[in-house]
Amino acid sequence: MTLALRLAEKGRGKTSPNPMVGALVISKGRIVGQAYHHAAGQAHAEALALRQAGPRARGATLYVTLEPCSHLNKRTPPCAPTVIQSGVRRVVVAMVDPNPLVRGKGISQLRRAGIQVTVGVARQGAEELNRAYRHWVRTKRPYAILKAGMTLDGQIATAGGESKWITGLQSRREVHRLRSAVDAVIVGIGTVLRDDPSLTARRPPRLTALAATQPCRIVIDSRLRIPRSAKILGQQSQAKTVIATTKAAPKARLRSFEKQGIEVLVLPGERERVSLKQLLAILGQRGMISVMVEGGAELNAAFLRSKLVNHVRLYVAPTLLGGTQSKGVIGGTSPRRLADAWKLKQVRTRSLGADVVVEGDL
């Protein structure tokens, strides 16, 4: 099952809104078929592995990281009948599919066909692999990762707004891999006006060429102040940009962006600010199951106050800025009591070049 999980990992960033799935067919102690789900709309891992195994699947054991599907509400045929027809004797499943359309139905179908089914082998690893998918199925909103690069004293920019580059090259390379793995990256208009980022995912080692998989780039801009020359509006054929705004945006500017081919979402606003809950709900409806918030201090605070952050990842450089004018990682009003602070769970730390990565769940 460990190998099946490694196979599933190869689909990261490519399968949404489907989960990542890996499968192995074992006959007489040998691997006769192995595969992973490559992308939504393409064949599932079980079908691919069984196709590779062919007649050797008869009497064999199928290892799969997620319960085989059994419903017709999708673009590909259900996997449970394919597994039954293959003639496998036993199926080992890491985790039950949380999707209500499946949730145990595939396993029941296999058992009714006389196949021995074992469930729960390496379940924790499988659930961790598909934590974004599990969250999306449960809430209909994407799993949100708040990412920031900061100094040792918690600053993300100098008093003059300079922030390139606080962290080292190895941290920046990892961030580009993360962008390739999520469905969207989200920034506020302040970040666009100050830094003019492109927010594309680029390939190491030089981080100049575009990666094969690009996230959707989303700008929170309640008054539609983004300049037409902004880098984030470029490369639309390879990396799409969506602007989220409110009714406070000038209608003429809205129409001009739409004529330019830039999608603009007009969302309900609270005090003329974009409703982040509404935005994530729309992204979830579109099949986006993971997003990364790469905004400044105020957007970070807004996501945290809205209780929409699921995971925090901080890249901490061995640098001190000091002073009261530099920009902290979280803006807004500070809580008056420690009891009101956001507390991370399951915290992990590791070194990455000269930096330290601190991450945990909320």
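The exercises below, each with a worked solution, concern a predicted model.

Residues are numbered from 1 along each chain as its sequence is written, and side-chain values rest on heavy atoms, with hydrogens and water left out. Because the model is predicted, local features need pLDDT of at least 70 and side-chain atom pairs count only at pLDDT 80 or more, while totals for chains, interfaces and linings use all residues.

**Exercise 1. Decide how many disulfides there are, and examine Cys-69.**

Start from the rule, in which a disulfide is a pair of cysteine sulfur atoms within 2.5 Å. Under that rule the count is zero disulfides. For Cys-69, the nearest cysteine sulfur belongs to Cys-79 and is 3.8 Å away, and Cys-69 is in no disulfide. Next, consider accessibility, where buried means under 20% relative accessible area, exposed over 50%, and partly exposed in between, with a 1.4 Å probe and protein chains only. Cys-69 is buried, since its relative accessible area is 7%, and Cys-216 is buried too, with a value of 8%.

**Exercise 2. Describe what covers the buried residues of helix α2.**

Helices (H or I, at least four residues) and strands (E, at least two) are DSSP runs, numbered from the N terminus. Helix α2 covers residues 45-53, and its buried residues are Ala-45, Glu-46, Ala-47, Ala-49, Leu-50 and Ala-53. The elements that cover these buried residues include β1, β2 (30-36), β3 (61-66) and α3 (79-86), with contact taken as heavy atoms within 4.5 Å. Just after α2 comes Gly-54, which takes a positive phi of about 60 degrees.

**Exercise 3. Find the residues that touch the most other members of the largest nonpolar core.**

A nonpolar core is a set of buried Ala, Val, Leu, Ile, Met, Phe, Trp, Tyr and Cys residues joined through side-chain atoms within 4.5 Å. The largest such core has 36 residues, and those touching the most other members are Val-25, Leu-62, Val-83, Val-88, Val-91, Leu-110 and Ile-115. Strand β4 (residues 90-95) gives the most to this core, namely five residues. Taking Val-88 as an example, and not counting residues up to four places away in sequence, its contacts are Leu-50, Ala-57, Gly-59, Ala-60, Leu-62, Val-83 and Ile-115.

**Exercise 4. Describe the second largest pocket by its volume and its lining.**

On a 1 Å grid over the protein atoms alone, a pocket is an open set of points where a 1.4 Å probe fits, with protein on both sides within 12 Å along at least five of seven lines, and lining residues have an atom within 4 Å of a point. The space in the second largest pocket is about 810 Å³. Its lining holds 38 residues, and Glu-9, Arg-12, Leu-178, Ala-181 and Val-182 lie nearest the centre. Helix α7 gives the largest share of this lining, six residues.

**Exercise 5. Locate the cis peptide bonds and the residues with positive phi listed here.**

Ser-16 and Pro-17 are joined by a cis peptide bond, with omega about 5 degrees, and Pro-17 lies in the loop between α1 (2-9) and β1 (22-27). The bond from Pro-204 to Pro-205 is also cis, with omega near 5 degrees. Lys-140, although not a glycine, has a positive phi of about 65 degrees and is found in the loop between α6 and β6. Gln-346, likewise not a glycine, has a positive phi of about 50 degrees and lies in strand β17 (residues 345-352).

Technical notes
Points joined across faces, edges and corners; volume = space filled by probe spheres on them.
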